[in-house]
Structures are given as C-alpha cells and as structure tokens.
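Me: I would like to learn how to read a few features of a protein model. Could we take them one at a time?

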Amino acid sequence: MKKILLAGATGYLGCHIAEKLIQISCDVRVIVRSPNKLAEKGIEVEDIFQAELTQPETIKSCCNGIDTVISTVGITRQKDGLTYLDVDYQANLNLLNEARESGVRKFIYVSVLNGEKLRHLKICDAKEMFVEQLEKSGLEYCVIRPNGFFSDMAEFYAMAQKGSIYLFGSGEHKINPIHGEDLAVVCVNAIHNTDRVINVGGPDTLTYNEISAIAFETAGTKPKITHIPDWVRKTVLGFLRTFTSSKFYGPVEFFLTVTAIDMTAPEYGTHRLRDHFAGLRQEYP
C-alpha cells in the first residue's frame, strides 16, 4: 500500500482510521493543527505535518509523495470564529487543490447520508459544495456517506439515566448508526475499491422508540418517553433561524431535521448499539 495522508486524525472517526492504518502497517502521514492532541489520543505516527487547513499557505507540500488522501475534516459546532463554509468546504478544498498539484491519485471524503437532499441545512450545504468540487477535480474519488455515529446516540443514554427521553413526532423514524471502528474499515477499504459513493450504516436498524427502550434497559431506569408534536419541532426551528446565529442553531437544526426523517443505509459492521450503551454505563455509572 502506498503512502496515505489522513486529515482530521484527532476527531472521533479520524482516530479510528488512524488506528486502522497503523494496525495494517500502512505508511501514513497525518496533518493536524496540534501534534499534542495525537499523543493525548494515543495515536503514534512518525510522519506528522503540522498545519491549519483553513490557511492554504501552511499546507504547501503536505501531499508530496502521497497516493491517497482521506479527509474527515468538518465541524459539528462552529467555533474559533470559523463557519461550516470555512471548514467543511474551504479547508477541504484547500487540501484538494494541494492534492491535485502534488499528483495524488485518489481523494476519499467522509460526508453525510442524504447530504444532497438536505442542502437547506448549512452544514450539509457546505459539505455538498465540496463534493461538487471533488467530483470535477479529475482525481479518483470516493464520497463516504454514514448516517450517524454511535457517539451521536450518547444523548439518548444520558436522557435515559435521568429518567425521561423526549422524541419529536411518533418516534417511528429509523436509523442504523455506525461505530467509528466499523466505519474506519469502510474508509480504509475505499483506498482500493472503485466505488465513488458509499452509503453506510451500522448492523442494527432501529426506530427512535427502540433506541430509547434499549437506553432505558441499559441504564436500569423505568421507561418514560414523551412524544412532542412535530409542529413544535418546526416552530422551534423557525424560532432558532430567526433569533439566533448559525453558530448556535446549526447543530440543533441538523439534529432536529434528521431525527424527523428515516436515515437508513446499507447495514455494515459488528458493533452493536446495545453494547455501546453498556460501555457508557460502565463509564458513567
């Protein structure tokens, strides 16, 4: 396997990809803002390129000798004065431009399931703007579209511990979130396969009511689910868009939107949500 550049190595998914690449003895370079964070995450990589992807002058030559770029770069919450356009779009575009100049063969980008249908959400629009640039870049590429991480489900367990879970609508919309370790395998396998788009989720497709039931069972608390009418969700969205900044409402807007639709993808992996919740119980008894 030729040399791989991983961008976003200190994030939830990036850590799992880095571990997988190291596990298979891959020649890997990581590009990070703070090398100290690699040590904090327990990631041991010799080839570290320190740079800020939003500043193109700092990433010159980062792709020299690289065969494939894997980028998980993106932000959930806008911070440090940076927006989704700054990071999800422009930072990835800066890296793509550098990849093209250095003769990189392939660029793998992790986006989100149904992102092309959710462009009214600022975070999805920024990601899809980059996908458009990637598709016409002339490089081999793969866009990986997961439907949600196990880490995103932690809030359900936290609510169950407190004794009540609140769901918008009937709670019958479905999702099959995926563990970062399983998704990392998909990303690494994409280095050599020819798929241009991979929609992927975890092995268990569940309704939000079923996820809540598992959370209560694991937490050992009496189930209490409150179903909030969907018109309340729409009213909250309208209020947030009108009276708050995108920095605040962006993550809330995304969450309230995707929980009101089915977010199911082809099932993959071995990690089960029930086991993840059990791990949370051990970590936060």
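Me: Which side chains meet in a salt bridge with Arg 105?

Reply: The model is a predicted one. A salt bridge here needs a side-chain nitrogen of Lys or Arg within 4 Å of a carboxyl oxygen of Asp or Glu. The side chain of Arg 105 meets that of Asp 67, with 3.1 Å from N to O. The pair links distant parts of the chain, 38 residues apart. Asp 67 is in the loop between strand 3 and strand 4, and Arg 105 is in the loop between helix 3 and strand 5.

Me: How many salt bridges does a search of the whole structure find?

Reply: The search finds 15.

Me: What is the order of the strands in the open sheet?

Reply: Strands of a sheet pair through backbone hydrogen bonds, either parallel or antiparallel. In this model, seven strands form an open sheet in the order 3-2-1-4-5-6-9, and the pairing is parallel. Strand 3 (47-50) and strand 9 (197-200) are the edge strands, each pairing on one side only. On average, neighbouring strands are turned by 15° against each other, direction ignored.

Me: How many bridges join strand 5 to strand 6?

Reply: Five bridges join strand 5 (residues 106-110) to strand 6 (residues 140-146), and the two run parallel. Tyr 109 stands opposite Val 143 in strand 6.

Me: Which strands does helix 3 touch?

Reply: Helix 3 (residues 84-101) packs on the sheet and touches strand 1 (4-7), strand 4 (68-71) and strand 5. The direction of helix 3 makes about 165° with that of strand 5. Helix 6 (residues 180-189) lies across strand 4, strand 5, strand 6 and strand 9, at about 165° to strand 6.

Me: Which residues line the largest cavity?

Reply: A search of the whole structure finds one cavity of 30 Å³ or more. The largest cavity holds about 30 Å³ of space. Its lining includes Phe 150, Pro 177, Asp 204, His 271 and Arg 272. By class, the lining has five nonpolar, two polar and two charged residues.

Technical notes:
Residues are numbered from 1 along each chain as its sequence is written. This is a predicted model: local features need pLDDT of at least 70, side-chain atom pairs count only at pLDDT 80 or more; totals for chains, interfaces and linings use all residues. Side-chain values use heavy atoms; hydrogens and water are left out. Two strands pair if DSSP finds at least two bridges between them. Helices (H or I, at least four residues) and strands (E, at least two) are DSSP runs, numbered from the N terminus. Axes are lines fitted to C-alpha atoms, for helices over the stretch in contact, and angles run from 0 to 180 degrees between N-to-C directions. Contact means heavy atoms within 4.5 Å. On a 1 Å grid over the protein atoms alone, a cavity is a set of points where a 1.4 Å probe fits but cannot get out, and a pocket is an open set with protein on both sides within 12 Å along at least five of seven lines; lining residues have an atom within 4 Å of a point. Grid points are joined across faces, edges and corners, and a volume is the space filled by probe spheres set on the points. Ala, Val, Leu, Ile, Met, Phe, Trp, Tyr, Cys and Pro count as nonpolar, Asp, Glu, Lys and Arg as charged, and the others, Gly among them, as polar.
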